[in-house]
Amino acid sequence: MSDMASGISDPSLTEAKGGSDAARIAEVRAWLSSQFDAAGKEVPEFDYTPRSINHLYNLATVSQAKSQAANIVANDFRQKASEYRAQAARIREILENVGLAQESLPSTVVSSAQVLANVANLLNIRDTELSSFLVAIGDISLRKTGVEEKRAKVQKESKVLLDYTRKAISRLTYLKRTLAQLEDDVPPCEAQMENWKTNLAVMASKERQYLQQYNNYKALLNRVGYAPEISHGMLVEMDEHRKELEKKTKPILDTLRSYQDLPPDKALAALAIEDKKRKYAAAEKHLEDVLHSALASAD
C-alpha cells in the first residue's frame, strides 16, 4: 500500500488523470490536511484509487458545504449576541438613569422579574406584554387540548390492541391445549393405524384366496356344463313338470304291473307290452318337449 501523498505527487498519474482530476486530487489533499491538522494528527496511509479519491471528494464537498452553513449560522448568532449585549447595556443605562438599577431594587422585585423572564423564556416570547403572555398561554392551551385528544385516541387504540392481545393470548392458550391433546392422541392413533395395516394385509391375502377359489369354482362349473341361464327358478319349474309327468305315467306303470298277473298268452302279452312302450315313449317325448320349451323360454 502506498500513501496518498506519494500517489498525488506522482507526475505520471497526475498527467494521466488530466486537469480536472488533478484539481480534484489537490482539493481532497487540502481538505484531508486541514481536518487532520485541526485534530493534531497526520494523514494516514491508504491506497490511491479513483474510487477512493471520488469518495473522499464527495465527503470533502459535503463537509465544506456544511462547514460553510455552520459558519454562516455561527456568525449570525454572534451578531445577534452582540446586538443583544448592546441593547442590554443601553437598557441598563436607561434603568440606572431613572433610578431602577438592579442593585437599587428590592430583592422581591428582582426575583419577580427573574421569574417573569423565566416564564417568558419558557413560553418562547420576546417581550413581557400581557397580550404576548395571553397569546402564548392560548397556544399552550391549544397544544394541550391537541395532546389530550391524541392521548385519548392513543388510549382507545391501546384498549383495542389490549383486547386483541387478550384474545390472541386466549387463542394461543387454546391452540397449545389442542396441540397437547393431539400429541397425546398420536400414540393410540399410531397403534390403531398399525392394527389397520395388519388387518389390511390379512384382507388382501383373503381377497387373493377368494379370487383363486372363485376362479376354481368357475372352472369347475364350466367343466360340468353349467350355464348362467340355468337358474333356481328354472330348476324348480322343471321339477314341477317332472312331478306332473310322474303323475301321468303312474297309472300306466300301475297298469303294466297289473299285466304281470295275466295268463301267459305270449301274443296278447307282446301286444300289450308294445302298446305300453309306445305310450311310455310318447310320455318321454312329451317330457323332453316340455324341457326344451322351458329352456327356450329362458333364453
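Residues are classed here by relative accessible area, with buried meaning under 20%, exposed over 50% and partly exposed in between (1.4 Å probe, protein chains only). The structure is a predicted model, in which local features need pLDDT of at least 70 and side-chain atom pairs count only at pLDDT 80 or more, while totals for chains, interfaces and linings use all residues. Residues are numbered from 1 along each chain as its sequence is written, and side-chain values use heavy atoms, with hydrogens and water left out.

The secondary structure of the chain comprises 7 helices and 0 strands, where helices (H or I, at least four residues) and strands (E, at least two) are DSSP runs numbered from the N terminus. Of the 299 residues in the chain, 10% count as buried.

Ser52, which is found in helix H3, is buried at a relative accessible area of 18%; leaving aside neighbours within four places in sequence, Ser52 is in contact (heavy atoms within 4.5 Å) with Phe46 and Asp47.

Salt bridges, each defined by a side-chain nitrogen of Lys or Arg within 4 Å of a carboxyl oxygen of Asp or Glu, come to a count of 8. In helix H6 (residues 232–258), Asp239 and Lys243 stand 4 residues apart and are therefore separated by about one helical turn, and their side chains meet in a salt bridge (3.6 Å, N to O). Asp239 is partly exposed at 30% relative accessibility, as is Lys243 at 44%. Glu246 forms a salt bridge with Arg242, the closest N and O atoms lying 2.4 Å apart, and both residues belong to helix H6, with a spacing of 4 residues, about one turn of the helix. Through salt bridges that share partners, Asp239, Arg242, Lys243 and Glu246 are joined into one network.

A further salt bridge links Asp139 to Arg143, with the closest N and O atoms 3.3 Å apart; both residues lie in helix H5 (residues 130–223). Within this pair, Asp139 is partly exposed, with a relative accessible area of 37%, whereas Arg143 is exposed at 53%.
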